[in-house]
Amino acid sequence: MKETKEIRMEKGKPYPLGWTENADGSINLAAVLERSKECGVLLYPRRGGAPRRLAFREEDRIGKICCMKLIGLDAQEYEYNFYCGEEVIADPKARRICGNEKWGKKISPFLRSDSTEDAFDWKNDRRPQIPYENSIFYQLHVRGFTKHTSSGVTAKGTFAGLAEKIPYLKSLQVTAVELMPVYEFTELEAVKPLRQNAYPAKDQEGNPVEETLPRINYWGFKKGYYFAPKASYSVKDPVLEFKEMVRAFHAEGMEVILQFYFPKEINREMILEVIRYWVCEYHIDGVHLMGEQIPVGILAADPMLTDTKLIYYGFPYEEIYPVGQVPDVRNLAECRDEFQYDMRRFLKGDEDTLHQALRRMRCNPVQNGVINYITSYEGFSLADLVSYDRKHNEANGEDNQDGNPYNASWNCGVEGPTRKRTILQLRKRQMKNALALLLFSQGTPMLTAGDEFGQSREGNNNPYCQDNEISWLNWKLTEKNKDFLDYTKELIALRKAHPVLHQSRELTLMDYAACGYPDLSYHGKDAWRLMADRLNREAGLMYCGRYAPKDRAQEDDFFYIAMNMHWEPQRLALPDLPAGMRWEKVLDTQGDVVETQADPLTKSITVPGRCIQVLESTGNPVRKGKKRKEK
């Protein structure tokens, strides 16, 4: 019989909480536990066998914290938990969580904590630190991104599988992936009634029996084990594979941003420690904070996080930046639904929406970034936004009562799938319009995975529990809808190639450079004059490239964005360009990207109904005092 090593207990330290290996090889364990019950530590031998039970003594209690120092414990031989009375508690600060490695499987009997850390060679890894104005975000769910059989990756539904798709993301030219929760959480939740069964079960006496089914929390927005990467998103080792994934993204100049949801009961110190840990240990580039009572002021003021992207609903800027101070690095960004709903209403041609749409397109404060999106993980996908007037969440098993009833969507004349060619053409044009509105706005655009090739969720606007083909990306659509995918790539490439389309501060509508043109101007049926009528659904936006030079020697081009969300064609005036330059059409959402010159004699452009056209200046301006060179 193998001898049990002697483990000696001494008084520990209350902080840091969790499992800490000291320099002398001893282990400090600390946790917030109830004083009224017997509490202690359970040590589980990795090789199997009964756990060792070590109780906290009265002298080990400081306030609500129990702590002990263990001498003679080999950390490599044990996993652990805390216990309080009959309750077994996995350590909220564990670096790994064991027992939930298989997605959607019942945990038996409970999770176990593991804080072993292995050395990792980051190989001179450096965070890209891409400014918001140069960023293109791409929001995705790690499991759903590659779980479908069509994904073509080896490690489907994992961090490694996501890393295998880096070439695709690189071809799309996105600069950052924003990952839905990847910290450990228990996705299999309490059962709930199964309401969609047409043949209810009955007991021996013939009385109906309410059947139940497990509910999958597919999204993961719940309290979790915030220091541990999700084990079921890995092939074998979540810590190693997540680090390898981050390193691979950084090697291609791309950032990794994580979503964290913190409910009210998570204290502020814990939140700050979580963010610091992931930035230091996993080299992440930013966090999208979700939940209530987040200490955003404290996070924003933390010296260690001043070059880490922090995204939230809003920040107390007057506390963070006194007297309108401008930060050296614009690392804060707001992410709210206002852009989404204002642009959706404008897209479908609602009355009195033009001015709000123009304001959203211009919004880009100097103190903080703004994350713009037309769709997100919640709500309709882009394909469904133009295919459904109403949510269709019956598959969720809640009688279609869940999800937001207001989507500001339009089905283009038919609810759901159709074979009518005119409807399909209109839907595709509306999808192109939506992406054009997003990518020609001055904030940071965020795409939702699958929108670039027309992924549908079958009208489900709340697929929080759908771990199936409703949520998994169908990569066959990259070929079926290749033309739309190519359009998305062309649109992103056009934006990235021209700094005038993604500037670092909000445009003023003024000629502060004294060059004869404001940085941004609006035009209607007459140049320099935008109609203020609430029925107006069309406008021309001119970006002046002189306010965003490509380099010291070359100015950027002028761009004219002609938008018409009316159902009938509308005429928009073309403002004069500097002598020697002319307008050339480079994009038309009614057709493919084209390069046809606009007629300079009419000084106007007729934009078809529900269409956006983009014109770019060509030629060289004639400078005063210099003769124009003949080509």
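Are tryptophan 103 and tyrosine 233 buried or exposed?

Modeller: Happy to take you there. Tryptophan 103 and tyrosine 233 are both buried, where buried stands for under 20% relative accessible area, exposed for over 50% and partly exposed for anything in between (1.4 Å probe, protein chains only).

A word on the ground rules: this is a predicted model, in which local features need pLDDT of at least 70 and side-chain atom pairs count only at pLDDT 80 or more, while totals for chains, interfaces and linings use all residues. Residues are numbered from 1 along each chain as its sequence is written, and side-chain values use heavy atoms, with hydrogens and water left out.

Now to the rings. The structure holds 38 aromatic pairs. Tryptophan 103 and tyrosine 233 make a stacked one, with 6.0 Å from centre to centre and 25° between the planes. Tryptophan 103 is in the loop between strand 10 (96-98) and strand 11 (112-114), and tyrosine 233 is in the loop between strand 17 (225-229) and helix 4 (238-251), so this pair links parts of the chain 130 residues apart. Tyrosine 226 and phenylalanine 262 form a tilted pair, because their ring centres are 4.7 Å apart and their planes stand at 45°. Tyrosine 226 belongs to strand 17 and phenylalanine 262 to strand 18 (residues 255-262), so the pair ties together parts that are 36 residues apart in sequence. Tyrosine 226 and phenylalanine 262 are both buried as well.

For the cut-offs, rings of Phe, Tyr and Trp (its six-membered ring) pair if their centres lie within 6.5 Å; planes under 30 degrees apart count as stacked, over 60 as edge-to-face and the rest as tilted. Helices (H or I, at least four residues) and strands (E, at least two) are DSSP runs, numbered from the N terminus.

Eight strands close into it in the order 12-13-18-19-20-21-22-23, with parallel pairing; two strands pair if DSSP finds at least two bridges between them. Neighbouring strands of this sheet are turned by 25° against each other on average, direction ignored. Strand 12 (residues 137-140) and strand 13 (residues 176-179) are joined in the parallel sense by four bridges, and there phenylalanine 137 stands opposite alanine 176 of strand 13.

Helix 11 (residues 421-439) lies across strand 22 (369-372) and strand 23 (444-448), at about 145° to strand 23. Axes are lines fitted to C-alpha atoms, for helices over the stretch in contact (heavy atoms within 4.5 Å), and angles run from 0 to 180 degrees between N-to-C directions.

Some rings meet a charge instead. Lysine 432 is over the face of tyrosine 487, 5.1 Å from the ring centre. The charged end of arginine 344 sits over the ring of tyrosine 341, at 5.8 Å from its centre. The test asks for NZ of Lys or CZ of Arg within 6 Å of the ring centre and within 35 degrees of the ring normal.

Lastly, confidence: pLDDT, the predictor's confidence in each residue from 0 to 100, averages 92 over the chain, and 92% of the residues score at least 70. Over residues 593-597 pLDDT stays under 50, and the model has 13 contacts beyond four places in sequence for them. Residues 626-631 also stay under 50, with four such contacts.
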